[in-house]
Amino acid sequence: MMPARRLAAALVGLACLALVGPSEAGAEGRFTSGEAPPGGGVAIAVWGGGAVADLPGAALAIGCDLRSAWATVSGRLLGSIAGAPAFVSAEFNQQFGDGIPGGTPLILLCRARSGSVAPKQAWAIPASYPAGALQYDRARYAVDTRVIEGTVVEVAVHRDLAAAARIDGEAAHSVASFADLVSEAFRAHLGVFGSFPYDRYRVVMRGPGDDPLGSSPTSEWGLGVPMGTSVIDGPAVSGPPHPYTRTSARDWVVHEMFHAWNGSLMRPQPAGGPQVYQAESWLVEGATVYYTARLVDDAFYAAELRDATQDYLAAGRDGTLSFAEIAARTPAPAGPGLAPGYNEYVRLLYQKGALVSYLLDETLRRSGSSLDALMRAMYGEFGSGRQYTNADVRRHAIALGGGGLGAFFDAYVEGDAALPIPSTFVYLR
Ligand SMILES: [Zn+2]
């Protein structure tokens, strides 16, 4: 709630600003005037025109970590509370469903900003990315944005999905519920890596038939995650409603988002072979499976590690192959830029990678460190362009957990020793 006296003062300011003329050209999606007090509080700013979903990001650009935005309509004050359930801001959203006109003065309530957030790099899609991977069209996508540690987390869901997809029989992808899931995963991953370098992170949940990536609808490009629908459905299902379960949807979103750090910002040096997978893929995919299992829920965590163990044991002698040898047995893509292809060695790489990640976490924790600390150290050195090999992972592991970690890598990452699978997997804390 806004204290009455501050609100009254703000309204006087609003009345003055209302005399300001029409909006500037090219001001769409940002404020044309206004500045937030450094310690948080009330700001009055003139909107350049555009969608309600753009407010949090635009507010951040003028120094306001947005708590709520208020506008006067026919003498009444309507508010939009950032991140609140949709009904809270229903009147505001109804009034401005087609966008807030340019030149509209708004009162912004801003949180005190924590001084510890490092400056962010401006979000831009590198030219090397597949065309359209992170683009979407506002007319066909519902958008929700949140601000987390100085990054605008922008979530776009195809309106057909928001309307029709079901998880366990419930509406699955209201943009707000999907944004909740994305925010939760973003915060959790941020907790592992410690930072995200860009001022924007975009997740695009694509609708059927709206997939610029063709045969490879899901991937991860560091600045956000475009998600296709066919990942879970398989090619036989052409449209909604989709047979997701609550858990499979969480698994998929949390996994792909982890790759924004592990696999996109932090990349192994290409091995140069015909395969997409290589000796370092145990960390790229295995650690991602492990961290995803940790985040989804306890039952899923136990089930994932049990599954991984079953697949590992079922592989027999192949299970003890080094990761380089397993990767060499994965199929090469049919052509440049095409999907990596799949066989039982791809599955083994993921599953053995998850088990080795668990065992490495356990080993590091015995010496007072953790896989979190290793991921963070790797991200610190390799998160902004330099590429790593398994030798670098080993070096960081030894620095954190002592010389015994060298033997771990010799045996389970680069060697052919059988994994010491525990009889039960505990949740490592
Ligand atoms: Zn993956």
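Donors are N, O and S atoms within 2.8 Å of the metal (3.2 Å for Na, K and Ca), and since water is not among the atoms, sites may look incomplete. The model is predicted, so that local features need pLDDT of at least 70 and side-chain atom pairs count only at pLDDT 80 or more, whereas totals for chains, interfaces and linings use all residues. Residues are numbered from 1 along each chain as its sequence is written, and side-chain values use heavy atoms, with hydrogens and water left out.

**Exercise 1.** Determine which residues coordinate the zinc ion, and how its donors are spaced along the chain.

*Solution.* Begin with the donor atoms: NE2 of His 255, NE2 of His 259 and OE of Glu 285 coordinate the zinc ion at 2.0 to 2.1 Å. Along the chain, these donors follow the spacing H-x3-H-x25-E. Finally, both His 255 and His 259 are buried, meaning under 20% relative accessible area with a 1.4 Å probe and protein chains only, where exposed is over 50% and partly exposed lies in between.

**Exercise 2.** Classify the ring pair of Tyr 277 and Tyr 350.

*Solution.* Rings of Phe, Tyr and Trp (its six-membered ring) pair if their centres lie within 6.5 Å, and planes under 30 degrees apart count as stacked, over 60 as edge-to-face and the rest as tilted. This rule gives 25 aromatic pairs. Because the centres of Tyr 277 and Tyr 350 lie 6.1 Å apart with planes at 70°, this pair is edge-to-face. Tyr 277, in the loop between α7 and α8 (281-296), and Tyr 350, in helix α11 (residues 344-366), are 73 residues apart.

How values were computed
Helices (H or I, at least four residues) and strands (E, at least two) are DSSP runs, numbered from the N terminus.
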